[in-house]
Amino acid sequence: MHDDGDMKKRKTGMGIICAGTLLTVLAGCQKNGILPESKDGQESIDIRESTDVWESMSSQESTDVQISNHTHESPGVWESTDSQSPDQNDSDGRAALEVIVPKLPKEGFKLEDFVAEGWVLLDRVELDFNGDGFSDYVAVQQVEKDREIEEQNQGTHRIFPRILFAVAGDGEGKYHLDFQDENLIRCWSEGGVFGDPYLPLTAEGSSFSTHAFGGSGWKWSEDYTYTYSEGTWIQTLSVDSYGYGEYITSYREDNWETGVGVRKERSSEFDDMEKNWEKEEEADWDIVYEISLDKPLTLAQSGKRSHLLTYRINDWGVSRVERMEGIEIPPDKIRYPGYYFLMEYRDEDGIFYSFPEAESGKNYLAFYRWEDNVLSILAEEEREIGQVEYYQGKVYYALEGTKLYRMNLDGTEKEILFDYDALEKNTQEYKALYYEISGSEIIIQMYLGHCPHPYFRMNIDGSGLHEIGQVPNTSA
């Protein structure tokens, strides 16, 4: 049997399955920053003396910090007082991480001029993406393999992401850098047991596509297309699949040129799969449905939302910590952001993640903002917090495996949009809720052990709830 743990792992992000040996070297150190402030309905923790959370193994000095309670006219404002040397490892004992991403030159006379010292071209495609009649290139570069292996053998914990970049020819013998991004291409160690997941770039007209494939018995694939339009790269097509061998159990396609997303699902239980091995692919899906897509993302936004992003960040510097009203977590129990939070939501504004506090047994939802490095503790719950999303100014998260909550970014106006237990009395011990928001609608998938998994559709405010099918489809 393919168990529900595997299904849960798939639904929380196929990239998590395939991090491979990368997870053995990633880590974070807790060090923090400055900027005291107290706001109505919030409590602030002032963290002084140190400037970042993650520290390079090559650093020669570290700034000491200790957080303690301190009385102010505004209650609950915490600031540092004394000093104490922090451990170089984080609370889970993982060593510090240094991500190496060279800044590429702005111009050159040939494509190789944009390759950093100690790096090599992995791939390239030639096209005329800006339509000026001159050859342009989209390419991928990576660090020399011998250097990366040597770094690992020396235990330096340096990571070298592959860099996707584009250069435009000007017709006068020069090329100009159009973009570089380190979040969209998987490294050789991010393919799982299968090995290096990288597949060659393809290009047509003003578009190029990236491709990846990996896993072990259960395999996944990713095919993403970006198109140059009015001076900006936008994502126009994405196709993700997951399945056992060549048998696909989950297919997801988003086509922003048509504005329609297609979802196809069928049972991942081996007994069910064996019944359908020889059937036509289109004939045996348990559920097929469409969703309306929101505005397409730019390539830069896609990079900020990539599940690879948290493996590509050196500095998680926290300038201030805010607790929303009613949240009582002590400052020394807060877990700061880092790669090990696998349930997070990422975008160009920041990152959401949840963490447990063992002593109290409570769970917390946090938001880390890129702009000013402020960490906000948004919610405190008695049960484990599941999938988190941020959509149209509202925060959504699953709770207890059966409920979907929505609230404002400051923690106010919290409400339950969906409660499976209020719909049916299901006695299954294992329950998990997963959802997708797009086009002002929410699709909810309920996993119920080895029972059929129902799918629901509703408006973004929770109205119009109705069941649209189940996996496996026992009525077929």
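Tyrosine 397 is in contact (heavy atoms within 4.5 Å) with Leu365, Ala379, Glu381, Ile385, Gln387, Val388, Lys403, Leu404, Tyr405, Met407, Lys414 and Tyr435, leaving aside its neighbours within four places in sequence. The model is predicted, so local features need pLDDT of at least 70 and side-chain atom pairs count only at pLDDT 80 or more, while totals for chains, interfaces and linings use all residues. Residues are numbered from 1 along each chain as its sequence is written, and side-chain values use heavy atoms, with hydrogens and water left out.

Tyr397 is also among the residues with the most contacts inside the largest nonpolar core, together with Ile334, Phe355, Leu365, Leu375, Ile377 and Leu378. A nonpolar core is a set of buried Ala, Val, Leu, Ile, Met, Phe, Trp, Tyr and Cys residues joined through side-chain atoms within 4.5 Å. Buried stands for under 20% relative accessible area, exposed for over 50%, and partly exposed for values in between (1.4 Å probe, protein chains only). This core has 32 residues. Two or more of its residues come from each of β18 (320-324), β20 (350-357), β21 (362-369), β22 (374-381), β23, β24 (394-399) and β25. Strands are DSSP runs of E with at least two residues, helices are runs of H or I with at least four, and both are numbered from the N terminus. The most is given by β21, with five residues. A second, separate core has 19 residues, including Leu127, Phe129, Val138 and Tyr224. In soluble globular proteins, nonpolar side chains tend to be buried together.

Strands β23, β24, β25 and β26 form an open sheet in the order β23-β24-β25-β26, with antiparallel pairing. Two strands pair if DSSP finds at least two bridges between them. The edges are taken by β23 (385-391) and β26 (415-419); each has a single partner strand, so one side of each is left without a neighbour in the sheet. Direction ignored, neighbouring strands of this sheet are turned by 20° against each other on average; the axes are lines fitted to C-alpha atoms, for helices over the stretch in contact, and angles run from 0 to 180 degrees between N-to-C directions. Four bridges pair strand β25 (residues 403-408) with β26 in the antiparallel sense. Arginine 406 has glutamate 415 in β26 as its bridge partner.

Another open sheet of four strands, also with antiparallel pairing, has the order β27-β28-β29-β30. Its edge strands, β27 (432-438) and β30 (466-471), each pair on one side only. From one strand to the next, the twist averages 20°. Strands β28 (residues 441-447) and β29 (residues 453-459) run antiparallel and are joined by five bridges. Here isoleucine 442 has methionine 458 in β29 as its bridge partner.

Strand β15 (residues 247-255) is largely enclosed by the rest of the structure, because seven of its nine residues are buried. Eight bridges join β15 to β14, and the two run antiparallel. Leucine 237 stands opposite asparagine 255 in β15. The hairpin of β14 and β15 has two residues between the strands, and glycine 245 in the turn has a positive phi of about 60°. Strand β16 (residues 260-265) is joined to β15 by six bridges, again running antiparallel. Aspartate 254 has glycine 261 in β16 as its bridge partner. Four residues lie between the strands in the hairpin of β15 and β16, where glycine 259 takes a positive phi near 75°.

The whole structure contains 27 aromatic pairs. Rings of Phe, Tyr and Trp (its six-membered ring) pair if their centres lie within 6.5 Å; planes under 30 degrees apart count as stacked, over 60 as edge-to-face and the rest as tilted. The pair of phenylalanine 179 and tryptophan 233 is edge-to-face, because the ring centres are 6.0 Å apart and the planes are at 70°. Phenylalanine 179 lies in strand β10 (residues 175-181) and tryptophan 233 in strand β14 (residues 232-244), so that parts of the chain 54 residues apart are linked. Both phenylalanine 179 and tryptophan 233 are buried.

The structure holds zero disulfides, a disulfide being a pair of cysteine sulfur atoms within 2.5 Å. Cysteine 187 counts as buried at 4% relative accessibility, whereas cysteine 451 counts as partly exposed at 27%.
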